[in-house]
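Here are my notes on how the parts of this structure pack against each other. Please read them with the coordinates open.

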2 protein chains.
Amino acid sequence: METESAAGTRQRGGRGARERILQAAAKLFYEEGIHATGIARLVETAQVSTRTFYQHFPTKNALVEEYLRNYEAGMTRRIEQNLSRRGLSPQDQLLSLFTMLAEATSGPSGRMTNRGCPLHNAAVEAAGHMPDVQELVHHHKNGITRQLTGIAARAGAANPDQLGRQLNVLLEGATALQTSLDSPCPRHDALEAARVLIEHALPKTRPAN
Amino acid sequence: METESAAGTRQRGGRGARERILQAAAKLFYEEGIHATGIARLVETAQVSTRTFYQHFPTKNALVEEYLRNYEAGMTRRIEQNLSRRGLSPQDQLLSLFTMLAEATSGPSGRMTNRGCPLHNAAVEAAGHMPDVQELVHHHKNGITRQLTGIAARAGAANPDQLGRQLNVLLEGATALQTSLDSPCPRHDALEAARVLIEHALPKTRPAN
DNA sequence: GTCCAAGTAAAGCGATCGATGTACTTTGAA
DNA sequence: TTCAAAGTACATCGATCGCTTTACTTGGAC
């Protein structure tokens with residue numbers, strides 16, 4: 001009857017709705033903020049009908065949490081891959097996290113965004129509300145510290161706990177300044193500072209080089 | 001007539017509406033977030049009628065900007081005061097900013113909040129919208145860097161620009177981790193890291209003490 | 001005592017928010 | 001070929017958003 005029902009052509013994104021929603025969430029929540037991104041904007045970007053959205057996610061909040069879980073899983077995986085490359089010394093492992101950060105944060109779509117860490121940003125936006133988000137971020141950042149601390153111990157640092165926490169401060173600072181200064185350059189400073197802190201924390205046995 | 005007009009007793013906060021609004025903004029915007037704080041919540045906390053609010057501020061956004069300007073002015077003043085104390089060496093001046101940070105961030109009302117830097121948080125919430133906010137934050141953080149760089153130069157650092165930027169990364173990292181970890185402890189680690197970076201950046205002339 | 005700036009209450013504006021309901025169409029596998 | 005799963009359009013819900021309006025009441029300076 002009349003070729004395609006009434007008026008509007010009946011195509012939108014097609015079959016992979018859930019994946020498109022998650023991609024749109026990753027882009028919009030990160031680049032424009034969680035509160036600032038409404039459902040309407042989300043489903044428009046994902047090329048998905050509102051109804052379909054709510055068949056995949058019970059609430060917007062559920063999508064936010066899955067978005068953060070996905071980011072956290074991906075980041076954890078990338079760190080693991082980075083650290084498990086052939087024969088890196090513990091020192092180089094520590095530094096590799098900084099160089100990784102220096103390459104990392106261009107948004108999807110390739111465009112530079114300088115919007116810092118999605119998890120931290122979510123914690124800021126969550127404020128008091130959304131305790132699950134707070135918890136996820138808390139857990140992730142503690143995990144990073146633990147990882148840094150472990151490598152610092154293997155590197156033979158005099159006080160591995162302190163060095164691990166200090167390096168984490170540097171990582172977080174570089175990422176945060178990205179947002180405040182709208183510039184990616186703090187990451188290089190963090191790398192150099194990390195070098196100094198690591199060298200200072202290791203026992204003086206400098207075998208020439 | 002009937003004693004007090006119709007029903008409700010006609011008292012609210014009384015005369016100092018503007019000041020109460022700014023105090024409520026400082027508390028709520030910081031502790032609960034800017035987007036999450038609606039006008040209704042704001043005027044309730046400030047003990048002010050909605051009408052009065054809009055006689056003092058054209059829009060909510062104008063209040064946000066004044067809140068940030070006030071915070072920025074206060075912080076700048078406190079830094080100046082802190083640096084201009086009697087006979088601090090440049091090294092001690094640099095470190096004093098870290099100890100200052102370590103005491104600083106308990107919210108109004110004395111309660112500990114661990115919500116990081118109001119300016120950074122505002123930049124995160126602003127995302128792409130609110131360019132004036134972005135600009136204010138950008139300007140403030142650049143000012144801090146400039147200040148650190150200047151002192152680093154006076155301290156005789158080999159590369160004062162780099163040291164200034166590195167210390168700024170530490171300051172920002174400590175403040176940011178406050179939010180992500182919901183803990184004030186990163187500030188102590190930042191202080192110790194700053195000691196190391198400063199010492200490393202100065203020429204080796206260590207005159208005993 | 002008069003007057004006016006400052007403050008108040010309460011109703012309501014249009015817009016947008018997150019979320020649902022109804023009814024229809026496409027797709028892919030059995 | 002059939003049929004259920006997946007997707008779509010569109011209208012709408014109540015709540016809340018930022019903000020405005022009308023009409024009234026104080027407090028303090030003169």
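1. Helix 9 of chain A and helix 9 of chain B are roughly perpendicular to each other. The model is predicted. The packing angle of these two helices is about 95°, and their axes are 10 Å apart. Angles from 65 to 115 degrees count as roughly perpendicular, so helix 9 of chain A and helix 9 of chain B fall under that term.

2. Which residues make this contact between helix 9 of chain A and helix 9 of chain B? From chain A come Ala193(A), Val196(A), Leu197(A) and His200(A). Chain B supplies Ala193(B), Val196(B), Leu197(B) and His200(B). By class, the contact of the two helices holds 6 nonpolar and 2 polar residues, with no charged residues.

3. Now the whole contact of the two chains. Chain A puts in 41 residues, and chain B puts in 41 residues. On the chain A side, helix 6 (118-126), helix 7 (131-154), helix 8 (160-181) and helix 9 (186-201) each give at least two residues. Helix 8 of chain A gives the most, with 14 residues. The side of chain A that touches chain B has 17 nonpolar, 16 polar and 8 charged residues.

4. Within chain A, look at helix 8 and helix 9. Their axes come within 9 Å and cross at roughly 170°. An angle over 145 degrees counts as roughly antiparallel, so helix 8 of chain A is roughly antiparallel to helix 9 of chain A.

5. The contact of helix 8 of chain A with helix 9 of chain A draws on several leucines of helix 8, including Leu163(A), Leu167(A), Leu170(A) and Leu181(A). Gln166(A), Gly173(A) and Gln178(A) of helix 8 also take part. Among the partners on helix 9 of chain A are Pro186(A), Arg187(A), Ala190(A), Ala194(A) and Ile198(A). The residues of this contact divide into 14 nonpolar, 3 polar and 1 charged. Ala193(A) and Leu197(A) belong to this contact, and they also belong to the contact with helix 9 of chain B.

6. Last, the domains. The domain assignment of chain A gives domain 1 (12-58) and domain 2 (60-201). How far apart are the C-alpha centres of domain 1 and domain 2 of chain A? They lie 27 Å apart. The contact takes 14 residues from domain 1 of chain A and 15 residues from domain 2 of chain A. On the domain 1 side, the largest share, 8 residues, comes from helix 1 (residues 17-32) of chain A. That side has 10 nonpolar, 2 polar and 2 charged residues.

Key
Residues are numbered from 1 along each chain as its sequence is written. Chains are lettered from A and ligands numbered from 1 in the order in which they are written. This is a predicted model: local features need pLDDT of at least 70, side-chain atom pairs count only at pLDDT 80 or more; totals for chains, interfaces and linings use all residues. Two residues are in contact if their C-beta atoms, placed from the backbone, lie within 7 Å. Helices (H or I, at least four residues) and strands (E, at least two) are DSSP runs, numbered from the N terminus. Ala, Val, Leu, Ile, Met, Phe, Trp, Tyr, Cys and Pro count as nonpolar, Asp, Glu, Lys and Arg as charged, and the others, Gly among them, as polar. Domain bounds come from an automatic or database domain assignment. Axes are lines fitted to C-alpha atoms, for helices over the stretch in contact, and angles run from 0 to 180 degrees between N-to-C directions. Angles under 35 degrees count as roughly parallel, over 145 as roughly antiparallel, 65 to 115 as roughly perpendicular and the rest as oblique.
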